[in-house]
Amino acid sequence: ITAVALYIFFARLGLLGTIPGLIIAHTILTVPYVVLLMSVAIRQFDVRIEQVAYSLGASWFRMFKSVLLPNLLPSVFAAWIFAFIISFDEVIVTLFLAGAYDTIPKRMFNELILQVNPTITAIATLLIALSVITIGIVAWLMRRAGVLGRTLG
């Protein structure tokens with residue numbers, strides 16, 4: 001339903017088959033997840049840390065760089081991962097709006113319709129390996145930061 005609605009809307013705007021149209025469509029699809037994650041992170045941020053930085057003479061830029069950004073960076077990274085995964089998974093929207101442009105999910109989908117291609121299985125294997133490595137790095141970082149207990153590993 002979303003793909004059809006975006007197709008009709010973008011056809012009227014003349015954005016079908018363009019990279020900006022594809023970027024706008026995927027942004028529309030991922031913004032709710034990013035807003036949800038970041039609103040939770042901002043709500044949990046302790047404002048007293050910000051007030052202490054100001055009371056110690058920090059400028060707004062210094063407080064942002066040294067206090068706010070390091071505290072929100074893990075949530076920004078998690079929101080980026082969610083947005084990437086959701087955007088990568090939206091093959092139907094890409095099929096409707098991309099036109100002649102090929103993305104990896106669109107090419108994989110088109111190749112799998114015709115036949116099982118060894119290139120597609122190799123790409124899928126690389127994506128799985130990348131996912132496992134990323135999860136391992138995140139778990140290692142969380143353990144190092146003390147978020148995960150010593151029961152793992």
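Mentor: By class, the residues lining the second largest pocket divide into 9 nonpolar, 4 polar and 1 charged. In this scheme Ala, Val, Leu, Ile, Met, Phe, Trp, Tyr, Cys and Pro are nonpolar, Asp, Glu, Lys and Arg are charged, and the others, Gly among them, are polar. The model is predicted, so local features need pLDDT of at least 70 and side-chain atom pairs count only at pLDDT 80 or more, whereas totals for chains, interfaces and linings use all residues. Residues are numbered from 1 along each chain as its sequence is written, and side-chain values use heavy atoms, with hydrogens and water left out.

The volume of the second largest pocket is about 250 Å³. Its lining comprises 14 residues, and those closest to the centre are His 26, Phe 84, Ser 87, Phe 88 and Thr 103. Two or more lining residues come from each of helix 2 (19-44), helix 4 (60-89) and helix 6 (104-114). The largest share, 5 residues, belongs to helix 4. A pocket here is an open set of points on a 1 Å grid over the protein atoms alone, where a 1.4 Å probe fits and protein lies on both sides within 12 Å along at least five of seven lines; a lining residue has an atom within 4 Å of a point. Grid points are joined across faces, edges and corners, and the volume is the space filled by probe spheres set on them. Helices are DSSP runs (H or I, at least four residues), as strands are (E, at least two), numbered from the N terminus.

Although Ser 87 and Ala 25 are 62 residues apart in sequence, their C-alpha atoms are 9.3 Å apart. Ala 78, also in helix 4, is partly exposed at 24%. The C-alpha atoms of Ala 78 and Leu 37 are 7.9 Å apart, across 41 residues of sequence. Asp 89 belongs to helix 4 and is exposed, at 58% relative accessibility. From Asp 89 to Pro 105, the C-alpha separation is 7.3 Å and the sequence separation is 16 residues.

Pro 105 leads on to helix 6, whose buried residues are Pro 105, Lys 106 and Met 108. These residues lie on the same side of helix 6, because they cover an arc of only 165 degrees around the axis, taken from the directions from the helix axis to the C-beta atoms.

As for the whole chain, its secondary structure comes to 7 helices and 0 strands. The radius of gyration is 21 Å, well over the 15 Å that the globule rule gives for 153 residues, so the chain is more spread out than a compact globule. That radius is taken over C-alpha atoms, and the rule is 2.2 Å times the number of residues to the power 0.38. The C-alpha trace spans about 60 × 45 × 25 Å along its principal axes, and 20% of the 153 residues count as buried.

Finally, the structure holds 1 salt bridge, defined as a side-chain nitrogen of Lys or Arg within 4 Å of a carboxyl oxygen of Asp or Glu. It joins Arg 48 to Asp 46, with the closest N and O atoms 3.0 Å apart. Arg 48 is exposed, at 57% relative accessible area, while Asp 46 is partly exposed at 28%.

Definitions and conventions
Buried means under 20% relative accessible area, exposed over 50%, partly exposed in between (1.4 Å probe, protein chains only).
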